[in-house]
Amino acid sequence: MSGYDAVLRHVESELTAGRLGVGQQLPAERRLAEELGVSRATVREAIRVLQAMGVVRSGVGSGPDAGTTVIADPAGGIGAALRLHLATRRLPMADLVDTRVMIESHAVRAAAATPDHPELARAAGLLVRMDAPDLGADAFHQLDADFHVALTAAAGNAVNTAVMAALRDAIHRTVLDAVRALPDWSRTAVRLRREHRGILRAVRAGDAELAAARVTRHVRGFHREWARHAGASG
């Protein structure tokens, strides 16, 4: 086991045992290094890995924000890993689309059972913001992605929500590149707005199967559209 692996295993053990929790600080570098028999440079390397994984946040200076604090940002760590693996071209975009369909169709079915969930109200607010006439493609797709995360969050499954948030962050740049290949983005945006509202209406009406069918058609339809035009432009 490498030195920084020993630090990671130690932190994992402390979290699992409940001796360390979200909002608490890790011991100082010097103390960790002495306890684990590694160098302070090794401890710093391990902390950088934990930051990338969304497990800790490091602050400098003095005061309550100084030191290394345990946080809970699983989407950040998963998203960073997804972006890197997408860059290697070993994760096909079509497979990510399949994953989205699997998660979102399940999520809207579950969300249809709780039509008053506050995340659905947040989703409705995002749709209103998407109607702004001067909204650029970048801002539109950020709101679009947040809308899909809100739908997933309304189902109440924290793991699915974290994965959806990670997918949002991982593919944002890819989606924007795809939009540039579309021949008529404004027309596509009109259709996406209409489909979003149809999905949300079905969820709020408690029609689980209609909501699942609509979100599946929406996600797969947009992917087919930009894949077709991206291939033509390439």
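Q: What makes leucine 200 a residue in contact with others, leaving aside its neighbours within four places in sequence?
A: In this predicted model, leucine 200 is in contact with Leu120, Ala123, Ala124, Leu127, Phe147 and Leu151, once neighbours within four places in sequence are set aside.

Q: Which residues of the largest nonpolar core touch the most other members?
A: Val108, Phe147 and Leu200 do, out of 46 residues in that core. Two or more residues each come from α4, α5, α6 (118–130), α7, α8, α9 and α10. The top contributor is α8, with 9 residues.

Q: What makes the core with Val11, Leu26, Val43 and Ala46 a second one?
A: Core members have to be joined through side-chain atoms within 4.5 Å. This set of 14 residues, Val11, Leu26, Val43 and Ala46 among them, is separate, so it counts as a core of its own.

Q: Which residues of α9 are called buried?
A: Trp185, Thr188, Ala189, Leu192, His196, Gly198, Ile199, Leu200, Ala202 and Val203 get that label. The cut-off is under 20% relative accessible area, so each of them falls below it.

Q: Why is the void with Arg100, Asp144, Ile171, Val175 and Phe222 closest to its centre called a cavity?
A: Start with the count: the structure holds 1 cavity of 30 Å³ or more, and the volume of the largest cavity is about 330 Å³. It has 19 lining residues, with Arg100, Asp144, Ile171, Val175 and Phe222 closest to its centre. A cavity is a place where a 1.4 Å probe fits but cannot get out, so that is what the name says about this void. Two or more lining residues each come from α5 (93–111), α7 (137–153), α8 and α10, and α8 has the largest share, 6 residues. By class, the lining splits into 11 nonpolar, 5 polar and 3 charged residues.

Q: What makes up the lining of the largest pocket?
A: There are 11 lining residues, and Leu86, Ala87, Arg89, Met93 and Thr174 lie nearest the centre of this pocket. Its volume is about 330 Å³. Helices α4 (74–87), α8 (158–181) and α10 (208–233) supply at least two residues each, with α8 giving the most at 4 residues. The class tally is 7 nonpolar, 1 polar and 3 charged.

Q: How do you know that a residue such as Gln25 lines the second largest pocket?
A: A lining residue needs an atom within 4 Å of a pocket point. Gln25 is listed in the lining, as are Leu26, Arg44 and Thr68, among others, so they meet that cut-off. Two or more residues each come from α3 (40–52) and β2 (67–70), and α3 gives the most, 4 residues. This pocket has a volume of about 180 Å³, and its lining divides into 4 nonpolar, 5 polar and 3 charged residues.

Terms used
Residues are numbered from 1 along each chain as its sequence is written. This is a predicted model: local features need pLDDT of at least 70, side-chain atom pairs count only at pLDDT 80 or more; totals for chains, interfaces and linings use all residues. Side-chain values use heavy atoms; hydrogens and water are left out. On a 1 Å grid over the protein atoms alone, a cavity is a set of points where a 1.4 Å probe fits but cannot get out, and a pocket is an open set with protein on both sides within 12 Å along at least five of seven lines; lining residues have an atom within 4 Å of a point. Grid points are joined across faces, edges and corners, and a volume is the space filled by probe spheres set on the points. Ala, Val, Leu, Ile, Met, Phe, Trp, Tyr, Cys and Pro count as nonpolar, Asp, Glu, Lys and Arg as charged, and the others, Gly among them, as polar. Buried means under 20% relative accessible area, exposed over 50%, partly exposed in between (1.4 Å probe, protein chains only). Contact means heavy atoms within 4.5 Å.
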